[in-house]
Amino acid sequence: MTTIQRLLHTARTVAVVGLSGNELRASHFVGYYLKRHGYQVIPVNPRETEILGERSYPSLSEIPGHVDIVNVFRAPSALPEIAREAVAIGAGALWCQFGVLDDEGFRIATDGGLPVVADRCLKIEHARYLGRMHWLGFNTHRITSVRTGLQ
């Protein structure tokens, strides 16, 4: 079983670093999707107190309990510090969303014993491997193109 498949099948808690309260942001939609599919989503954003009905923490080190996946929606330059924190809290894995690429951050995580998934979207991989894809695209059960009247 690949690392991605193993993580998807065994993880229960996902700390989303950079989760936004703005519904139009990709991080919010991914968090919403994960929560809807049974994962405990833990927001990590020092600018928010609550996101998706969950308490938001300013940093990984302040989360009580175990984190299976640290999912990163931050600039690549923030990754080394996030990787250090993920190792320090004993997280199960470091997952870096599209474009979150930093060799030092990857090295810190792997040297600390964490599997690293890079340049992949957790929502897309979940849909791919656990059958949540619709033949026309992602089955989000939402209309994404709202029209204003007849055309």
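## Ile82 and the helix pairs

Setting aside neighbours within four places in sequence, Ile82 touches Val17, Leu60, Val70, Val72, Arg74 and Leu94. This is a predicted model, so keep that in mind as you look around. Ile82 sits in helix α3. Is Ile82 buried or exposed? Its relative accessible area is 5%, and because anything under 20% counts as buried, Ile82 is buried.

If you take the contacts with a sequence separation of 6 or more, 57% of them join residues 24 or more positions apart.

Next, two helix pairs. Packed helices are described by the angle between their axes and the distance between those axes. Here are both pairs:

| Helix pair | Axes come within | Crossing angle |
|---|---|---|
| α3 (residues 79-88) and α4 (residues 103-111) | 8 Å | roughly 10 degrees |
| α1 (residues 3-10) and α5 (residues 122-129) | 10 Å | roughly 90 degrees |

Take α3 and α4 to begin with. Their axes cross at roughly 10 degrees, and angles under 35 degrees count as roughly parallel, so α3 and α4 are roughly parallel to each other. On the α3 side, the contact is made by Leu79, Pro80, Ala83, Arg84 and Val87, and on the α4 side by Glu104, Gly105, Phe106, Ile108 and Ala109. Sorted by class, the residues of this contact are 7 nonpolar, 1 polar and 2 charged.

Then there's α1 with α5. Their axes cross at roughly 90 degrees, and since 65 to 115 degrees counts as roughly perpendicular, α1 is roughly perpendicular to α5. Which residues meet here? From α1 come Ile4, Gln5 and Leu8, and from α5 come Leu122, Glu125, His126 and Tyr129. The contact of α1 with α5 has 4 nonpolar, 2 polar and 1 charged residues.

Last, the rings. How many aromatic pairs are there? The count comes to 0. There is a charge over a ring, though: Lys123 lies over the face of Tyr33, at 4.6 Å from the ring centre.

Technical notes:
Residues are numbered from 1 along each chain as its sequence is written. This is a predicted model: local features need pLDDT of at least 70, side-chain atom pairs count only at pLDDT 80 or more; totals for chains, interfaces and linings use all residues. Side-chain values use heavy atoms; hydrogens and water are left out. Axes are lines fitted to C-alpha atoms, for helices over the stretch in contact, and angles run from 0 to 180 degrees between N-to-C directions. Helices (H or I, at least four residues) and strands (E, at least two) are DSSP runs, numbered from the N terminus. Angles under 35 degrees count as roughly parallel, over 145 as roughly antiparallel, 65 to 115 as roughly perpendicular and the rest as oblique. Contact means heavy atoms within 4.5 Å. Ala, Val, Leu, Ile, Met, Phe, Trp, Tyr, Cys and Pro count as nonpolar, Asp, Glu, Lys and Arg as charged, and the others, Gly among them, as polar. Rings of Phe, Tyr and Trp (its six-membered ring) pair if their centres lie within 6.5 Å; planes under 30 degrees apart count as stacked, over 60 as edge-to-face and the rest as tilted. A charge sits over a ring if NZ of Lys or CZ of Arg is within 6 Å of the ring centre and within 35 degrees of the ring normal. Buried means under 20% relative accessible area, exposed over 50%, partly exposed in between (1.4 Å probe, protein chains only).
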